[in-house]
Every structure is written in structure tokens, then in C-alpha cells.
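Me: I have a protein model open beside its sequence, and I would like to learn how to read its features one at a time. Could you take me through them slowly, giving the general idea before each case?

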Amino acid sequence: MSKPMWAGRFSKEVDSKVNAFNSSISFDGRMYRHDIMGSIAHATMLGKCGIISKEDSETLVNELEKVLDDIESGELQLDMNAEDIHMFIESVLTERLGEVGKRLHTARSRNDQVALDIRLYLRGEVYEIRALVDKLINVLCDLAEKHTDTIMPGYTHLQRAQPITFGHHLMAYAQMLLRDRDRLEDTVARIRENPLGSGALAGTTYPIDRDMVTELLRDNRTMVNSLDGVSDRDFCIELASTISIIMMHLSRFSEEIILWCSWEFKFIELDDAFATGSSIMPQKKNPDIAELVRGKCARVIGDNMTLLTMMKGLPLAYNKDMQEDKEAIFDAVDTVKLCMSTFIPMLETMTVYKDNMRKAAAKGFINATDCADYLVKKGMAFRDAYKITGGLVALCIEKDTDLEHLPLEDYKSRCELFDNDVYQAISLDTCVNMRNSKGGPSPESVKEQIWYTRNRITYPGRYTTVAHNISEE
């Protein structure tokens, strides 16, 4: 193995165990493309600023492009004995170009180099995650369109509360994911900042043009302070936090899917391709995918905590502790992509049992609020109507019946305002269809939510409120 680039100061070889402990190429090797992208921009700038000759600059750029092609074709394999991906690529260039290869690191430190690489890598990953979020939102919209009139019970405290539709329930998750999408957009704006040129911590005496590099890399801006440039990992923490929230939303949805798959609910059934069996109980069909997503949420939250805890005690500027940023953020990125890639087809292929949802909605007195509202619309104060309806529910429990089948004379025994039209007022269809306030569960309201959600993806930033009239577009 060749000596490390920094070996000049040292009089003896580093212990082999220290080399293994210090090495990061096993996980930062995935950034080879981004390291080369940054080096191409840096070499271009060095040549244009006259820091190295134009000929050397062009030679470096051409050879860096060849190294990239060789890695991607498999002709060049990463050396797992190298300290990191940055040293590996530089050593390959030096072997191929001799003295010219050694010029690449002029006016650059590994500190600002690695800070750039991880930003470039995460920039691409955020766009991939956002594409998956968009796909999941569209799947939810597709499902919601099919179930705008599929009545089911809505819950609070996991107790049946009021009637809603399955489409309404699905669109609640679509709104969560829209917020996740916004957070990804906010995060990537701060990822797209260029730290290159910060040097080890104090910039450089060479007449570099940092803004040129920023433009070549299509970043938003050049980082203002060189200490911050090499020591900032806020963007990793912010992305891990955003991913944690996405995973929390998937976990909540998974919990409901797990409940809905049970025989106690039987609202849905997962496709055989997205369920597993038991090693001993032949009748079992387990929602293992949803359970794994729920479990992996904890893993991603742990990645976020790793980053926060790693950074909380570090003085400026760079410290080797910061090498720990990569495994944590890479794991969070890999996990959310894996979970979403599995979750999306699981939803697309599930079977919805509309009749079971409707039967569940018919139980539990979930139309009691509508019964109280019936009295309010006839002039009674809500609190009085609430008390009377509560007494009627107690009477139904005593008589083992429900509000729909309670005789009119029992209604009138509690309040003379009741008449035959109460049965229409408390029917499940009326309860849902009349809840047409903005954001409500009525079919028209859910269609409006779907319209708004699809347009938020197609025209981000344009749609800030639910449209009043879906026929306008």
C-alpha cells in the first residue's frame, strides 16, 4: 500500500488497526462521482485563474472524466485500503499523470473538499426522495378518487367518532406528504451552497474565484465564512430531520394499515406479494412490510439523533468526529428510499372492503353529533342539544339498538322538536354529504382536495389554498 498523502510529517508507519479505524472509503466510496464533479470544477477554475497552466487544467479535467468512466464501467475498482474516496481518486490521477496529477489539490483542503462532496451527493438524493414523495401522493389521489363516497368511521382516541370517507382519510396523508415535499425543497436550498475555497479553515492565499466554482456546480450561492464552510453539517441534520418526519408519517399510516388488515377491522387486504406467512400457523397473512416501515422509522430517528449528538460538542472548525456524518445520513437516505419504494406498490395493489367500512360506520353512534346538530338547526342551544342526544345514546344502549332504529316516540319523550325527518338527518350518507365545509369529508370536498393536491405537485408555489370551485380549471 502506498504512503498516505499526509505522510511527510511522520517518522513511522501508522498502525494497521489505526488505518482500518481511520478509513472511510467503505462508505464514502459512493461519492466518487461527486468528488470528481467537484474536482473538475476546481481544476477548471485553477486554470482560468492562472493558478495552474491552462494545459495542466485541461489535462486534469480530461483525466478526471476518464477516471469517472473507468469507475462506472468497472475497469477501475475502488481500493478498499485507501483512506477515503478523495485520496483514492487523487492517487489514481497521480499514478496516471505524475506531477500534473499532484497539482489538483492546489488551493484546496480535504476539509472543504469533503464538505462539497457530501452536499453534491445529498442534492441528488433529495430529488430522488422528492420524486418518491410525489409518486406516493399521486397514488393516494388515485385511491381517494375511487373512494370519495366510501363511508367509514373516523376515529379519535381509536374510538369511532364521526362518519367520514376513505377518500377523506387518504387525503389527510396526502397533506402530510405535501408538507414533507415543502421541507425537502427548503432543505435542498441550503444543501446547494458551495464550501469549496474555504481551505482547511482559513481560505487560501491563491487568487481563486469561488463564485466561478459555484456557477460551474450550479449551486445557489458561495458560503460566506470559511470556518462555517468546513464545519457546517446543519444541512445533514436538517435532511435527517425531514426524512424522520417522512418516516413518522409512513409509520402512522403503517399502523393504520396493520389495524385495517386485522380480522377485527378487515377494512383492507394486502396483496399476497406484500404480505408474509407464519412458520407454524398456516392461516396467517402478516402485514410485515407495514411493520418493517414502522420499525425503520425508529432507525431513521436514531440517525438524526446521531448527527445532533455528534455535532453538539464540536468546536470550530473541522474535527474527525464529523466523519461520522456520512454513515448516519446515508442510512437515513437509503432507508426512506427503500421504504417508500416498497410502500407505494403495497398501496397500489391492496384490496379495499367498502362494505366492511360501511358496516363499521353504522355502529358506535358516530351520527350522534348530527343528531345534536338537528336540534340546533331547530333553534336549540348546542349544549342543550348535546345533553339530550347523550341521553338518547344511553337509551339506545339500554335498549340494544341505535339512533337510526330508535322509535320516534322515544325521541319525542326527550324533546318535542324531533320529527320524522330526524332519520334522514342522521343517516350516514347525509352525515357525510352535508359535511361539505372546506377540507371536510363530503365527496365534493374530497374532490376539491384531490384537485388542489395534484396541482400543488404540478405547479408548486401557485396553489396556497383549496380552490372554491373545482370547475374553474
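Reply: Let us begin with the largest cavity, which holds about 40 Å³ of space. On a 1 Å grid over the protein atoms alone, a cavity is a set of points where a 1.4 Å probe fits but cannot get out, whereas a pocket is an open set with protein on both sides within 12 Å along at least five of seven lines, and lining residues have an atom within 4 Å of a point. Grid points are joined across faces, edges and corners, and a volume is the space filled by probe spheres set on those points. Please keep in mind that this is a predicted model, in which local features need pLDDT of at least 70 and side-chain atom pairs count only at pLDDT 80 or more, while totals for chains, interfaces and linings use all residues. Residues are numbered from 1 along each chain as its sequence is written, and side-chain values use heavy atoms, with hydrogens and water left out.

Me: Which residues line the largest cavity?

Reply: Its lining is made by Leu-136, Tyr-173, Met-176, Leu-177, His-249, Leu-250 and Phe-253. The elements that give two or more residues to this lining are α8 and α11, where helices (H or I, at least four residues) and strands (E, at least two) are DSSP runs numbered from the N terminus. By class, the lining has six nonpolar, one polar and no charged residues, counting Ala, Val, Leu, Ile, Met, Phe, Trp, Tyr, Cys and Pro as nonpolar, Asp, Glu, Lys and Arg as charged, and the others, Gly among them, as polar.

Me: How much space lies in the second largest pocket, and what lines it?

Reply: The second largest pocket holds about 430 Å³ of space. Of the 22 residues lining it, the closest to its centre are Gly-154, Tyr-155, Thr-156, His-169 and Glu-256. The strands β1 (151-156) and β2 (159-165), together with α8 and α11, each supply at least two residues of that lining, which divides into 12 nonpolar, six polar and four charged residues.

Me: Where should I look for a nonpolar core, and which residues touch the most other members?

Reply: A nonpolar core is a set of buried Ala, Val, Leu, Ile, Met, Phe, Trp, Tyr and Cys residues joined through side-chain atoms within 4.5 Å, and buried means under 20% relative accessible area, with exposed being over 50% and partly exposed in between (1.4 Å probe, protein chains only). The largest core here has 75 residues, of which Leu-122, Ile-257, Ile-268, Ile-329 and Leu-347 touch the most other members. Among the helices that each supply at least two residues of this core are α7 (110-146), α12 (288-311) and α13 (324-348). Apart from it lies another core, of 33 residues, including Ile-25 and Val-61.

Me: Is Leu-184 buried or exposed, and what is it in contact with?

Reply: Leu-184, in helix α8, is buried, with a relative accessible area of 0%. Contact means heavy atoms within 4.5 Å, and, leaving aside neighbours within four places in sequence, Leu-184 is in contact with Val-126, Ile-129, Arg-130, Val-133, Leu-239, Thr-242 and Ile-246.

Me: What can I read from helix α16?

Reply: An α-helix has 3.6 residues a turn, so residues three or four places apart point the same way. Helix α16 (residues 382-399) has 18 residues and reaches 25 Å from its first C-alpha to its last, close to the 26 Å expected at 1.5 Å a residue, the expected span being 1.5 Å times one less than the number of residues. Among its buried residues are Ala-385, Ile-388, Leu-392 and Cys-396, and what covers the buried residues of α16 includes α15 and α17 (408-414). After α16 comes Asp-400, whose phi is positive, near 55°.
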